[in-house]
Amino acid sequence: MCKVNRREFLATGSAFLSLAAEAELLHGALPAAAAAQAAEVDKVGPDIYFHEGDVVSDNAPAVCNNGWIIFEDYVLVIDANFPAGAKLMISKIRSMTDKPIRFAFDTHHHGDHAYGNQVFVENGAVPVAHTGVIDEMRRYETGYYDSKPGRWEESAKQRPDVNASRLKPPSVLFPNELYFDDGKHRVELMHLGVAHTHGDAVAWLPKEKILFTGDMCVNGPYNFVGDGETGKWVATLEAAKKLGAEVVCTGHGPRSTLSVLDDQQAFFKALQDQVGSRMAGVSPEQTKAQIEAIRAALKANAQVARYVSDPGAHDGFPSQVQKVYEELNGKKLVALLDEPQVARHHHARSHGVG
């Protein structure tokens, strides 16, 4: 009789499961992108894993970064991703353990972090989030909470996996903190303040000093400011720095160390300084030139250069200037009135929609 131990069985079975999952991602619409998502999972601690999503390939299955912690009796997942990404993460988790996936923590309400909730529910998990996530969903997901199409419907037009699923808001909510602790691992879900959105929360592992930030902190030109406040964002990053993380798993881009929180914060501070000094009294005709001057100044700053997007199809930098100007002056730049909507489009394109 063939003897196969439990780990070998899981590894072998998951190989078939992973292939099957990737074949059906997005209903076969994007096999190349699915294959690209088969990257090795990054083990950042005992029973603690990180997976870097793909924000380069159009319509990639798994767009945001994910994490998961294998507790004694269950698995906690960090971010639900898109439906296709959720399926891919489940296949990867199943390659490691047959413990039930009980919870999927949405770090915020955006589709690339929360639209996979229904997939996790169908696999036995409960979506968890800060109360602000529901507030944000009520504002933007009008197709679910009201009668007119909202962001889900917009995404469903572009992504077959979203179209084939349905929006599932988180049903376990916390106002400030929620802890998971089995004696070996402790994960603290915390709302540290407004940042990328008004519902941001992080997952902090104090024993291992590992922080999963969601999009409160990213590692590259992935900052969408339309649903948050950059002034409060700086303060929230300061609160995150005080935790003393040694490993920082960002919402997009490679994982890093505590320094990435400094860099993200420095970007917004530099942007605020540049906008404050260069945009005062600027005429509509001079606006574009000043934006490019600000871009060049930030690009010349080695600490923050990677956060500055380049001009082109996915350029969200003008909207960042517009947002900071509005926060500093209480009014919009007339020449950039359309930039928030343009930025929303860029955010969608660069986060797997369209």
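Colleague: Let us turn to confidence. Where does pLDDT stay under 50?

Modeller: Where pLDDT is low, the predicted coordinates should not be read in detail. In this model, pLDDT stays under 50 over residues 1–23, a stretch with 23 contacts beyond four places in sequence. Over residues 27–38 the pLDDT is also below 50, and the model gives this stretch 24 contacts beyond near neighbours in sequence. The protein as a whole averages a pLDDT of 87, with 83% of the residues scoring at least 70.

Colleague: Which way do the residues of strand β2 (residues 48–51) point, and are they buried or exposed?

Modeller: In a regular strand the side chains alternate between the two faces of the sheet. In β2, I48 and F50 point one way, while Y49 and H51 point the other way. All four of these residues are buried.

Colleague: In which sense, parallel or antiparallel, does β2 pair with β1 (residues 42–45) and with β3 (residues 66–70)?

Modeller: Strands β1 and β2 pair in the antiparallel sense, over three bridges. The pairing of β2 with β3 is antiparallel as well, over four bridges. F50 illustrates both pairings: D42 stands opposite F50, and in β3 the bridge partner of F50 is G67.

Colleague: How many residues lie between β1 and β2 in the hairpin?

Modeller: Two residues lie between the strands of this hairpin. D47, in the turn, has a positive phi of about 70°.

Colleague: Which residues have a positive phi although they are not glycine?

Modeller: Most residues other than glycine have a negative phi, and most peptide bonds are trans. D47 is one case here, with a positive phi although it is not a glycine; its place is in the loop between β1 and β2. K209 is another, with a positive phi of about 60°. K209 sits in the loop between β10 (202–205) and β11 (210–214).

Colleague: Why does K209 count as partly exposed?

Modeller: K209 counts as partly exposed because its relative accessibility is 32%, and that class lies between the cut-offs of 20% and 50%.

Colleague: Is K241 buried or exposed, and which side chain does its own side chain join in a polar contact?

Modeller: K241 lies in helix α10 (residues 230–241). Its relative accessible area is 19%, so K241 is buried. A polar contact of 2.8 Å joins its side chain to that of D262. Leaving aside neighbours within four places in sequence, K241 is in contact with L258, L261, D262 and Q265.

Terms used
Residues numbered from 1 in each chain as written. Predicted model: local features only at pLDDT ≥ 70, side-chain atom pairs only at ≥ 80, totals over all residues. Heavy atoms only, no water. Buried < 20%, exposed > 50% of the residue type's maximum accessible area, 1.4 Å probe, protein only. Pairing = 2+ DSSP bridges. pLDDT = per-residue confidence, 0-100. Contact = heavy atoms within 4.5 Å. Polar contact = N/O pair within 3.5 Å; in protein donor to acceptor, adjacent residues only side chain to side chain.
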